[in-house]
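This briefing concerns a single structure and selected features of its side chains. The sequence and the coordinates are shown below for reference.

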Amino acid sequence: MHRTEIILDIIFCAIVLPGMMFLFPTGEWASWQPDYVLLYTLWLLGVWIMGRKVLGPMLADPGRGSKITAAGVFFLMMVVTFLMTLTPVSFPGNISGRMGGMQLHVRAMWILFLAVNAYAVPVGFLSARVNALTAVKEAEEAAENAARALEKRCQEAVEAGGEDIQVKSDYRVIHLPVSAIQYIEGRNNYACFHMDHREDVVSQIALKSVMDMLPQGKFVRVHRSYIVPLWRIEHRSGTEVQLMGVKEKIPIGRAYKENLKNA
């Protein structure tokens, strides 16, 4: 669609738009009033840009407010076009000193106004809708790829010895699959296990003791309050870690940066 848009725009601007100008007395204006040729060319180009880049995308927006705004913009364009028809002109053979008195040319302006919008608005509308659908599709594909990558990493963790760990919570012993742990958060003397597809599990245990329970080489402490699985690390900066399947960004403590380097 993007390539088609470019081709249509080139054809319109290079062929159709200049051709439309011959509905005006361009021959006489070029001799006696050359500034009018430039003025009306810019007017046509402005109408095209507004329809292509503003009105079309506004109409493609599902919000009600955008439709009202589009109606307001179209009305403003009509007002500008009307004012353009009142532009005074002067050249031999012109029986009126005002453009408004030249009914044939006034009609030409309105025909051009409607013709340009008849092209520009639908193309702008379709372009915006296609771009929106493409963005949604790309986001869905990115989410699917991230989910598959996370599933693959979790499976690799299980195959590499990702056994369950046992923690006490509310006087019960709970088995937590190591591969399902998103990250572990320390809260005073408690540890909160953030898990895939289940509620968080809180246990009265220090993070230091949690590290002793976890498989060696599979987790790393990045902060005095956070432990993260190495296989979930998607990318990291000097101050935080982004984990796959986790919206929150985990901070990196200064004293724990070496842990990540050595992991």
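The structure is a predicted model. The count of salt bridges comes to three. A negative surface patch is also present, formed by Glu138, Glu140, Glu141 and Glu144.

**Salt bridge between Asp196 and Arg232**

- Asp196 and Arg232 are joined through their side chains in a salt bridge, with an N to O distance of 2.2 Å.
- Because Asp196 lies in the loop between strand S4 (190–195) and strand S5 (201–203), and Arg232 in the loop between S7 and strand S8 (233–236), the pair ties together parts that are 36 residues apart in sequence.
- Asp196 is buried, as its relative accessible area is 16%.
- Arg232 is likewise buried, with a relative accessible area of 0%.

**Salt bridge between Glu185 and Arg187**

- The side chains of Glu185 and Arg187 form a salt bridge at 3.4 Å, N to O.
- Glu185 counts as buried at 15% relative accessibility, whereas Arg187 counts as partly exposed at 38%.

**Salt bridge between Glu240 and Lys249**

- Glu240 and Lys249 form a salt bridge in which the closest N and O atoms are 3.6 Å apart.
- Lys249 is partly exposed, with a relative accessible area of 47%.
- Glu240 is partly exposed as well, its relative accessible area being 29%.

**Negative surface patch**

- Glu140, one of the residues that form the negative patch, is found in helix H5 (residues 103–159).
- The relative accessible area of Glu140 is 48%, so this residue is classed as partly exposed.

- Ser225 is located in the loop between strand S6 (219–223) and strand S7 (226–229).
- Ser225 is buried, because its relative accessible area of 16% falls under the 20% limit.
- Leaving aside residues up to four places away in sequence, Ser225 touches Ile184, Glu185, Gly186 and Leu207.
- Among these contacts of Ser225 is Glu185, whose side chain also meets that of Arg187 in a salt bridge.

- Pro18 is found in helix H1 (residues 2–20).
- With 37% relative accessibility, Pro18 counts as partly exposed.
- Pro18 touches Phe12 and Cys13, when residues up to four places away in sequence are not counted.
- Pro18 and Thr41 are 23 residues apart in sequence, and their C-alpha atoms are 7.8 Å apart in space.

How values were computed. Residues are numbered from 1 along each chain as its sequence is written. This is a predicted model: local features need pLDDT of at least 70, side-chain atom pairs count only at pLDDT 80 or more; totals for chains, interfaces and linings use all residues. Side-chain values use heavy atoms; hydrogens and water are left out. Helices (H or I, at least four residues) and strands (E, at least two) are DSSP runs, numbered from the N terminus. Buried means under 20% relative accessible area, exposed over 50%, partly exposed in between (1.4 Å probe, protein chains only). Contact means heavy atoms within 4.5 Å. Patches are made of residues with over 30% relative accessible area and no salt bridge: like charges are joined within 9 Å, nonpolar side chains (Val, Leu, Ile, Met, Phe, Trp, Tyr) within 5 Å. Accessible areas come from the Shrake-Rupley method with a 1.4 Å probe; for residues, only the protein chains shown count as cover. A salt bridge is a side-chain nitrogen of Lys or Arg within 4 Å of a carboxyl oxygen of Asp or Glu. Lys and Arg count as positive and Asp and Glu as negative; His and the chain ends are not counted. The place of a charge is taken as NZ of Lys, CZ of Arg, CG of Asp or CD of Glu.
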